[in-house]
Amino acid sequence: MTNDGRILTSAESRGDHRSGDNPLLLSSAPDMKRSLDEWLDYQQRVHPRDIELGLGRVSAVWQRMGAPAIAQSVITVGGTNGKGSTVAFLEAMLIAADHRVGAFLSPHLLRYNERVRVFGRDVDDDALIDAFERIEAARGDIALTYFEFGTLAALWIFAQSELDVAVLEVGLGGRLDAVNIVDADVAIVTTVDLDHQDWLGNDVDSIGREKAGIFRANRPAIVGSLEPPRGLLDEAQRIGANVVRAGIDFEALVSNRRWIWTSGETTLELPLPTLAAPAQINNASSAIAALHALSPRIAWNPDAIAAGVERAQLAARLQRFSKAGAPDLIVDVGHNPQAARVLAHWLRANPAPRTIAVFGALSDKDVAGIVAPLAGSIDRWMIGGLDEETPRGLSANALVARVGDAFEPSSVERHRSIVQALAAAAETAREDETILAFGSFFVAAAAVTWARSNGYGAASASGQV
């Protein structure tokens with residue numbers, strides 16, 4: 001998956017993909033070692049089609065690699081929003097308890113290495129290169145996608161790391177996502193809403209069924225939504241999973257500067273997360289429910305859970321950047337209507353004299369559905385084009401045309417790029433106002449890079465998804 005969430009894949013109909021027949025393929029011989037950038041460029045160029053879901057190819061290659069166990073326990077995290085934050089909470093809680101933890105996340109923000117973390121650190125280039133070489137040697141004529149290469153690399157690295165727990169974030173959907181070749185001991189579905197409809201279905205019930213595909217028979221299935229779609233619950237029942245539901249089997253109660261997590265006779269009093277938007281309580285609560293379900297295998301450690309709730313960090317989730325004499329910049333990756341609704345709630349709870357949005361989007365997103373819940377909270381829109389960043393990116397003109405009359409014409413400026421939109425917003429905004437950059441991982445990456453190069457410091461990450 002590219003850093004905007006795009007899955008790059010191939011058609012198996014291309015025929016024989018052995019290096020002797022295709023000049024794009026790399027040799028895995030020791031004297032032909034490539035850099036990480038060269039490997040990633042190869043993986044993106046070698047396959048012509050955008051999306052090809054399915055477990056057959058990646059499962060076959062993993063079997064050829066020996067299919068080693070990746071950890072003593074595995075937690076898989078899926079959902080429309082909240083996946084990355086939930087992984088961050090789990091990782092922080094487990095590290096605080098001195099467990100050996102690996103975490104696989106996608107997409108990355110600035111560096112590919114962010115996707116694979118071992119013992120709380122991004123893996124280095126050499127570990128990824130070694131994994132890619134082993135995958136290439138094993139796959140023979142089996143075509144793999146960019147995301148499948150990355151998933152297998154993470155699994156291989158974890159298998160060599162003697163982990164207590166591996167935490168895996170689902171890339172797209174669940175049932176047919178490459179991560180799903182591993183049977184999770186506990187699986188979490190955080191939220192279900194409309195996104196990636198071309199691949200997952202046009203309604204939340206269909207999407208919920210796809211996401212429930214990460215559940216397993218007779219194993220805990222954590223449902224983080226208070227109002228999950230019927231399709232998710234029906235599929236969980238069909239699979240035979242042991243469903244553990246938010247609001248029924250566990251609950252989060254917020255009071256002043258603390259909150260309470262309860263499940264049956266178990267009660268924890270916890271600090272508020274540094275990832276402090278209201279939705280983060282739900283994400284932390286689901287993470288705790290997963291550890292509670294694993295407690296026969298992993299010692300229940302309330303002190304470590306509390307520490308993890310407070311320490312968990314994740315970039316570009318309502319991350320605040322500050323600079324003396326300049327308006328604050330808030331960066332968020334929110335790129336679908338559900339994320340926009342939570343973002344609007346956060347803006348209402350944290351009002352500024354004026355909020356200027358720097359916004360860009362990809363062509364397969366519900367742009368009007370993203371703008372609608374935010375319209376009343378944004379005073380000015382600086383629209384930046386993403387068409388020069390990715391073939392899927394919308395130009396500023398195309399984005400405005402897609403939204404229709406949701407924008408007040410007088411409140412909109414169009415800019416060729418996100419960087420130009422950020423510069424214009426910074427020049428326009430007063431010190432006591434807020435600039436909000438969101439809409440895509442591409443927007444977030446550009447905004448974080450721009451902030452750092454313009455003297456902004458990261459004040460906090462208080463994110464929502």
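Tutor: An open sheet of 3 strands has the order 9-10-11, with antiparallel pairing; strands are DSSP runs (E, at least two residues) and helices are DSSP runs (H or I, at least four), numbered from the N terminus. The model is a predicted one, in which local features need pLDDT of at least 70, side-chain atom pairs count only at pLDDT 80 or more, and totals for chains, interfaces and linings use all residues. Residues are numbered from 1 along each chain as its sequence is written, and side-chain values use heavy atoms, leaving out hydrogens and water.

Student: Why are strand 9 and strand 11 called edge strands?

Tutor: Strand 9 (251-255) and strand 11 (266-271) each pair on one side only.

Student: Which residues of helix 14 are called buried?

Tutor: Buried means under 20% relative accessible area, exposed over 50%, and partly exposed in between (1.4 Å probe, protein chains only). In helix 14 (residues 418-428), the buried residues are Ile418, Ala421, Leu422, Ala424 and Ala425.

Student: What puts these residues on the same side of helix 14?

Tutor: They cover an arc of only 165° around the axis, and therefore lie on the same side of helix 14; the arc is that of the directions from the helix axis to the C-beta atoms.

Student: How much of the protein chain counts as buried?

Tutor: Of its 465 residues, 59% count as buried.

Key: Pairing = 2+ DSSP bridges.
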